[in-house]
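Thanks, everyone. Please bring up the sequence and the structure, and we will walk through them together.

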Amino acid sequence: MRCDSAQAGLSAAMDDLRPVTEPVADHLNGCRHCRGFLAGAQRVRTLARFAVAQPVPDLVPSIMRKVRAEAAANPPRVRAPAALELGGQADYPLAPRRTSPRVRTVALGLAAGLVIGFTVTAGGLVGGNRGNTTALAAEIPRDLLGASASLSGYRATFDISELHWTKSVPVRTFVADLAFRAPEDFRVSVRDLTPYPSPAWPRNDLLLATDGRTWQASGPNSCPLPLLPACPQARPAVIAVRDRAPFDAETAMPTDVIVPMTVLAASDRVNVLGLDTIAGRGEVAVALAYRDATPLFDTFQFLGSWRPFFPQDRVIVWLDRKTWFPMRYQVFPAPGAERAAWSSRQGLPIEGPDSPIFSATARSFSTAVPALALFARRTPAAASDDGFHDRPVAAAMIPARSRAIQPASVRGLPLVRYGAYARSDSRPFDESVLAYARGLSWLTVTRVLSWTQGSPFGVGPFAESVELPHGGIGYYEPASASEPRRVALHTTKGEFLLASNLPRAELLAVARSVPVKGLPQPPSWLLHRWTGGYVLDGLTVDRAVRRAGFPLLLPRSLPTGYRPVAAEVTRAGRTNVVTISYRRPAAELDGVGLLLSEATGQPLPPATDADQVMVPLRATIARWSPDESRLEWVEGRTYVSLSASAFDLPELLAIAASLGAP
Amino acid sequence: MREPEPETIRRARAGDLEAWESLVRTYQADAWRFAYHLIGNRASAEDATQEAFLHAFRAIGTYQGQAKFTSWLLRIVRNCAIDAYRKTRRETSVPAEEMPGAPTPGPSGERLRISQAIDALPRELREPFVVIEVLGFTYDEASSILGVKLGTVKSRMHRARARLVRALSEGEAAHEV
C-alpha cells in the first residue's frame with residue numbers, strides 16, 4: 001500500500017470514528033512516515049478545536065430586530081402542505097379556486113364605487129381625458145415641489161379597505177386621520193372598523209405622532225397568520241423617542257401620503273394614465289409599480305398586521321390637480337405567472353388584475369393649520385434618548401458661537417432648527433445638524449468632526465460620484481424607503497452630509513453651494529484588505545472593467561431610468577469578483593437597485609430553496625431564486641448573477657439577454 | 001451540533017418568533033464561526049450570519065425536514081458568506097487581532113501556526129475542514145452543506161489535513177532552527 005492511500009484511510013477513519021482497515025493498519029505498523037502523519041493529524045485536530053475558537057459576538061438582538069421587521073413587513077404565511085403537516089389550516093387552499101361570493105361582491109363594489117369615471121381593465125386604465133400625458137408627466141415632479149413647499153398645514157381622513165388578509169377575515173376596513181403642521185408636527189391614527197369573528201382577533205388600532213423633538217408609535221406588533229387569532233406577540237407596543245434630531249430618518253414622518261415627494265420624485269417613474277373631474281375637482285391618474293409606491297403605505301402600516309403585495313402589483317394614484325394631494329390610491333394585482341406563483345407561496349387566493357385588493361380614499365381634507373395641541377403627547381419615561389440637543393437657531397448665524405457651515409443656497413428654505421448630538425460610546429464624534437424647511441420640503445446639513453471611520457459619513461460603498469465646483473467631488477445616494485436623498489462631502493473641514501426630500505437636482509445645487517471643497521475619498525477608504533484578499537470600491541464601471549482581470553459582460557439594455565453608478569472589485573483567493581450597481585437617480589426604495597456580479601473561479605452555489613427554478617438563458621441554464629430575486633448562471637468560465645429585489649424574472653431575463661462585451 | 005427539538009421547528013415554521021429566537025440563540029455561534037472561517041473578517045462574518053438567519057427565516061416554510069436542520073442552516077450560511085465577497089458592504093481595514101489566524105489570548109506558537117495554516121488553505125479545502133473538524137459534522141452532512149459529492153468531501157478533507165500536518169511540521173522545524 002502506498003503512503004498516500006494509507007493516509008487517506010487514516011484521515012477517513014478519524015472522521016468516521018471507525019477502526020482503520022487491516023491493510024492500512026499493516027502499513028502503519030511498518031511506516032514511520034504514516035505514523036508521523038497520524039500523530040500530526042491528531043495534533044491538528046486538538047489544536048484546531050482550540051485555536052479556532054474565536055470569541056463569538058452576540059448577534060441575537062440584531063438578528064431578531066431584522067427578523068421582526070421582516071415579519072412586520074411580510075407576515076409569514078404557511079404554505080398549504082406545511083400547514084397540513086402541522087395539523088393546522090392554510091389561509092387559502094393552494095389549488096386555484098374562484099373567489100368567494102362575499103369577496104367577489106366587495107371587490108366589485110370597490111371597483112365600481114371608487115373608480116369613478118375610469119374603467120380598469122387588464123390592459124390598463126382607460127377613460128376620462130388622456131390629455132397631453134407626456135408633458136404632464138414631466139411637470140408633475142416640479143409641481144409636487146411647489147405644492148410641498150407651500151403647505152403649512154393639512155388634515156385628512158382616509159377610508160381604507162384591504163382584501164385577503166386571512167381566510168376568516170377576507171375584508172378589513174379602517175379609517176385613518178392625518179394631521180400635519182409645518183415643519184415637523186405630524187399625527188396619524190388608524191382605527192380598525194373590521195367586524196372580526198371574535199374579540200380575540202388583534203385589531204390594527206395604530207397611532208404615530210411627532211412634534212419633531214419627540215416621536216411615538218403605538219399599536220399591535222405584526223402577528224404571524226397561522227397563530228391567529230390568539231397571538232401573544234401582537235400585544236400593543238409603544239415605541240417612543242425623545243431628544244430626536246430634526247427629520248431623523250429612523251423615526252421618520254411618513255408624509256408621502258400628503259404630497260408624494262418620494263414616490264413621484266422623477267418623471268421616469270410617472271406614468272400618467274389620464275385626467276378627469278370627480279366631484280368638481282380635477283384629478284390626474286398616475287400608475288406605478290408597488291415597489292415604487294411603498295411610502296404611500298408606510299403612512300398606515302408602521303405597525304400592525306397587513307397583507308403582502310407583489311413588487312410589480314400596479315398602484316394607481318389619483319392626484320388632485322390643484323393641491324397634488326393623493327385623493328385615493330388602489331393596488332391591482334399584476335398579471336402573469338410570476339405573480340400567481342408568488343400568490344400561491346403566500347397562501348393568497350387567486351387575485352385577478354382587474355379588481356383592487358387595497359384602496360385608500362380621502363373622505364375629506366383641509367389645508368387649515370391644525371392646532372398645536374393636537375400633536376402634544378406625553379413622552380413615556382421609557383422613551384429612548386436620541387441625544388440631540390437643540391441650540392438657538394440664531395447661534396448658527398454666529399461663526400464664533402457655532403460649528404455651523406451653511407450652504408449659500410438652501411433653495412429658499414428657512415433655518416428651523418440647529419443643534420448637536422451629545423458624544424457617546426455609540427457616537428464618538430462631534431455631529432451638529434442644521435435643518436431648513438418650508439411646508440413639507442426639508443433639508444438638513446450635518447457636519448461631523450473627529451470622524452475616524454474609513455468611509456464617507458452617511459452613504460454606502462455604491463454612492464455615485466458627482467462633480468462639484470472647483471474640481472470638487474461629492475457622493476450621492478438616491479432616496480430609499482428608509483433614507484432620504486443624500487450627498488456626502490469629505491473635506492478638510494470635516495465630513496458633511498446633506499439630506500433632503502428635495503429633488504436630486506435641487507439637492508445637488510445645495511451641495512454645490514457649501515463653502516468647502518469636496519475631496520476624493522482617501523485611498524485607504526476604498527481599499528479594504530483582509531487576510532483572504534481585498535475589496536476595492538468606489539470605482540467607475542470603466543475602471544472596474546480594466547481591473548477585472550477577465551472579460552466582463554455588460555448590459556446593453558436597462559429598464560427605464562437605470563444607469564451604472566458605481567462598481568467594486570473583490571479578490572478572494574483565486575477568485576476575482578466585479579460588482580456593478582445600477583440605480584435610478586431620484587429614488588431606489590429598496591436601497592439597492594440592480595446589482596450585476598461577475599466572478600472567475602466561482603461555481604454556481606448549491607441550491608438552498610425549494611422555490612428555486614432553472615430557466616434557459618443564453619444557451620445555458622440559469623437559476624432563478626424568487627425569494628432573493630436573483631438570476632445566476634455560469635457562462636464560459638464566468639459566474640454571473642443579476643439581483644434586484646424589485647424586479648421579477650421576465651425583467652431580469654431581458655437584462656441578462658442584453659449582456660455583451662463592453 | 002445538536003439538532004433542535006421538532007416542536008421548536010414546528011413553531012418556528014408557524015411564525016412563532018420566540019421559537020425562532022431560540023434557534024438563533026442556539027446556532028448563531030456555529031453559524032458565525034463557519035462564516036468567519038470562510039470570509040476571514042469578523043464584521044463580514046457578522047453580516048453574513050445575520051443575513052443567513054434572515055434568509056432562513058424567510059425560507060423556513062420550505063424546510064420540510066428532508067435534511068438535518070443544522071445542515072440546511074449552514075448551507076444558507078455558506079451561500080451568504082460567499083455572497084459577502086461580492087455583495088454591497090462596507091469593509092474596513094481589519095485590525096491584526098481580528099484576522100483569522102490571529103491567536104486567541106495567550107496562544108501557543110502551535111495554535112498560531114495552525115490558525116494561520118487553516119486560513120491559508122484554499123476555500124475548497126478550508127470549507128470541509130471547518131465543517132467536519134471544527135463544527136463536528138459527518139462526511140454525509142458536509143456533503144449536503146457544501147453541495148459536493150461524498151467522495152469529494154473525503155478527498156478534500158484529507159488534502160486539507162495533509163497540508164495542515166505539513167504546515168505544523170514545517171513550523172516546528174523552523175522553530176527548532
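How does A:Asp390 count: buried, partly exposed or exposed? Partly exposed, at 31% relative accessibility. Keep in mind that this is a predicted model.

Now look at the partner. A:Asp390 makes a salt bridge with A:Arg417, and the closest N and O atoms are 2.8 Å apart. A:Asp390 sits in strand β15 (residues 388-391) of chain A, and A:Arg417 in strand β16 (residues 415-421) of chain A, so the bridge ties together parts 27 residues apart in sequence. A:Glu184, A:Arg213, A:Arg244, A:Asp390 and A:Arg417 are joined by salt bridges that share partners.

Next pair. A:Asp159 bridges to A:Arg363, with 2.7 Å between the closest N and O atoms. Here the link spans distant parts of the chain. A:Asp159 lies in strand β3 (residues 153-163) of chain A, A:Arg363 in strand β13 (residues 358-366) of chain A, and 204 residues separate them. What about cover? A:Asp159 is partly exposed, at 29% relative accessible area. A:Arg363 is at 51%, and therefore counts as exposed, the cut-off being over 50%.

The side chains of A:Arg584 and A:Glu588 form a salt bridge, 2.9 Å from N to O. Both A:Arg584 and A:Glu588 are buried. How many salt bridges does the structure hold over all chains? There are 34.

On to chain B. Its secondary structure is 8 helices and 0 strands. Along the sequence, chain B reads α-α-α-α-α-α-α-α. Chain B has 177 residues, and 58% of them count as buried. Take the contacts in chain B between residues at least 6 apart in sequence: 65% of these join residues at least 24 apart. The accessible surface of chain B is about 6,800 Å², with 49% of that belonging to carbon and sulfur atoms.

One helix to zoom in on: α7 (residues 139-146) of chain B. Why call it largely enclosed by the rest of the structure? Because 6 of its 8 residues are buried. The buried residues in α7(B) are B:Tyr139, B:Glu141, B:Ala142, B:Ser143, B:Ile145 and B:Leu146. After α7(B) comes B:Gly147, with a positive phi near 70°.

Note on methods
Residues numbered from 1 in each chain as written. Chains lettered and ligands numbered in written order. Predicted model: local features only at pLDDT ≥ 70, side-chain atom pairs only at ≥ 80, totals over all residues. Heavy atoms only, no water. Salt bridge = Lys/Arg side-chain N within 4 Å of Asp/Glu carboxyl O. Helix = DSSP H or I, 4+ residues; strand = E, 2+ residues; numbered from the N terminus. Buried < 20%, exposed > 50% of the residue type's maximum accessible area, 1.4 Å probe, protein only. Contact = heavy atoms within 4.5 Å. Areas by Shrake-Rupley, 256 points an atom, 1.4 Å probe, with all protein chains shown as cover.
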